Amino acid sequence: MTAFEHVTALLSFVYALALTHLLARIAELIVARDRVNFSGLLALGMTNAALLVFSNWLSLWDLHSIKSWDLASITVQFLFAVVVFLICVLVGPKTPDEGAIDLEDFFWRQRPYLYGAIVTCVVLSLFANLDYLKTANAALFVKQNLTNLPMLLPTLLALVSRKRWVQWAAGLGFLAMMIVYTVVFCITLS
C-alpha cells in the first residue's frame, strides 16, 4: 500500500460517513414528508454539502503523485474531511418519531454554525492545497486557491447577515462556485 492509498483510505471513510449521514437524514425526511415543513434554504444547504463531499473526495486524486506524506499534511487533510463531515451533520436534522418537523426553523438555528463550518472548510482548504506544491503540478496550488478564495465571500456574508435574500444569494453563489470547481478540477482523473 502506498502512502497515498493509506492516507486517502481514512479520508475516504470520513467522506463516506459524511455522505451516508446526509443521505440517511434526507431519506428519513422523505419517509416523514407528511410532517415536514419544507425549507428551500436547507435543501440548498444539503445540496451544497453533498457536492462538497463529492468534489473534495474527487480532488484527492490530484495528490496521488505525492510519495511522502508528513504529519502536518495528513492532519490538515484529516481536519478538512472532519469539517466536511460536520457540515453534513449541520444540514441533516434528526427526524423525530412524532410531531411536525420545521426545516425552516432548523435552517435558521443551524445557519451560523453551518456557515462558520464552511468558512473553516475554505480556510483549511488553503492549507490543504499546500500539498499541491509537492506534486509534479505545483501550479495547481495557485489555481486551487484562486478558485477557493472567492468561496469565502458568500459564506462570510451568510454568516453575518440574517437577511433571507443574502442566504439565498450565498447558498446559490457557493453552489455555482462548487460546480465550477468540480468541473475545472475534477472533470477527468489522470
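Trainee: Quick one on this model. Is R25 buried or exposed?
Mentor: R25 counts as buried, at 17% relative accessibility. The cut-off for buried is under 20%, so 17% qualifies. Keep in mind that this is a predicted model.

Trainee: Which side chain does R25 meet in a salt bridge?
Mentor: E28. The N to O distance is 4.0 Å. R25 and E28 both sit in helix 1, 3 residues apart, which is about one turn of the helix.

Trainee: And what does E28 count as?
Mentor: Partly exposed, with 29% relative accessibility.

Trainee: How many salt bridges does a search of the whole structure find?
Mentor: The count is 3. One of them joins R109 and D105, with 2.8 Å from N to O. Those two are in helix 4, 4 residues apart, again about one turn of the helix.

Trainee: What does R164 form a salt bridge with?
Mentor: E104. Their closest N and O atoms are 2.6 Å apart. This pair links distant parts of the chain: R164 belongs to helix 7 and E104 to helix 4, 60 residues apart.

Trainee: What's the accessibility of E104?
Mentor: E104 has 17% relative accessibility, so it counts as buried. R164 is partly exposed, at 40%.

Trainee: Switching to rings. How many aromatic pairs turn up in the whole structure?
Mentor: The search finds 3. Take F4 and W61: their ring centres are 6.1 Å apart and their planes are at 80°, so the pair is edge-to-face.

Trainee: Where do F4 and W61 sit?
Mentor: F4 is in helix 1, residues 3-31. W61 is in the loop between helix 2 (40-59) and helix 3 (71-90). They are 57 residues apart, and the pair links distant parts of the chain.

Trainee: Why does F4 count as buried?
Mentor: Because its relative accessible area is 11%, and the limit for buried is under 20%. W61 has 32%, so it is partly exposed.

Trainee: And what about the rings of Y181 and F185?
Mentor: Their centres are 5.1 Å apart and the planes are at 45°, so that pair is tilted. Y181 and F185 are 4 residues apart in helix 7 (residues 164-186), so about one helical turn separates them.

Trainee: Y181 first: buried or exposed?
Mentor: Buried, with a relative accessible area of 4%. F185 is buried as well, with 9%.

Trainee: How far apart are T147 and I30?
Mentor: In space, 34 Å from C-alpha to C-alpha. In sequence, T147 and I30 are 117 residues apart.

Trainee: Now the core. Which residues touch the most other members of the largest nonpolar core?
Mentor: Y15, I87 and L114, in a core of 56 residues. The elements giving two or more residues to this core are helix 1, helix 2, helix 3, helix 4 (103-128), helix 5 (139-148), helix 6 (152-160) and helix 7. Helix 4 gives the largest share, with 12 residues. As background, nonpolar side chains tend to be buried together in soluble globular proteins.

Trainee: What does I87 touch?
Mentor: Leaving out residues up to four places away in sequence, I87 touches A49, L52, L114, A117, I118 and C121.

Trainee: Last topic. Which residues form a nonpolar patch on the surface?
Mentor: V123, F127, L130 and L133 form one. Together they have about 350 Å² of accessible area.

Trainee: Where is L133?
Mentor: L133 is in the loop between helix 4 and helix 5. It counts as partly exposed, at 47% relative accessibility.

Definitions and conventions. Residues are numbered from 1 along each chain as its sequence is written. This is a predicted model: local features need pLDDT of at least 70, side-chain atom pairs count only at pLDDT 80 or more; totals for chains, interfaces and linings use all residues. Side-chain values use heavy atoms; hydrogens and water are left out. Rings of Phe, Tyr and Trp (its six-membered ring) pair if their centres lie within 6.5 Å; planes under 30 degrees apart count as stacked, over 60 as edge-to-face and the rest as tilted. Buried means under 20% relative accessible area, exposed over 50%, partly exposed in between (1.4 Å probe, protein chains only). A nonpolar core is a set of buried Ala, Val, Leu, Ile, Met, Phe, Trp, Tyr and Cys residues joined through side-chain atoms within 4.5 Å. Contact means heavy atoms within 4.5 Å. Patches are made of residues with over 30% relative accessible area and no salt bridge: like charges are joined within 9 Å, nonpolar side chains (Val, Leu, Ile, Met, Phe, Trp, Tyr) within 5 Å. Accessible areas come from the Shrake-Rupley method with a 1.4 Å probe; for residues, only the protein chains shown count as cover.
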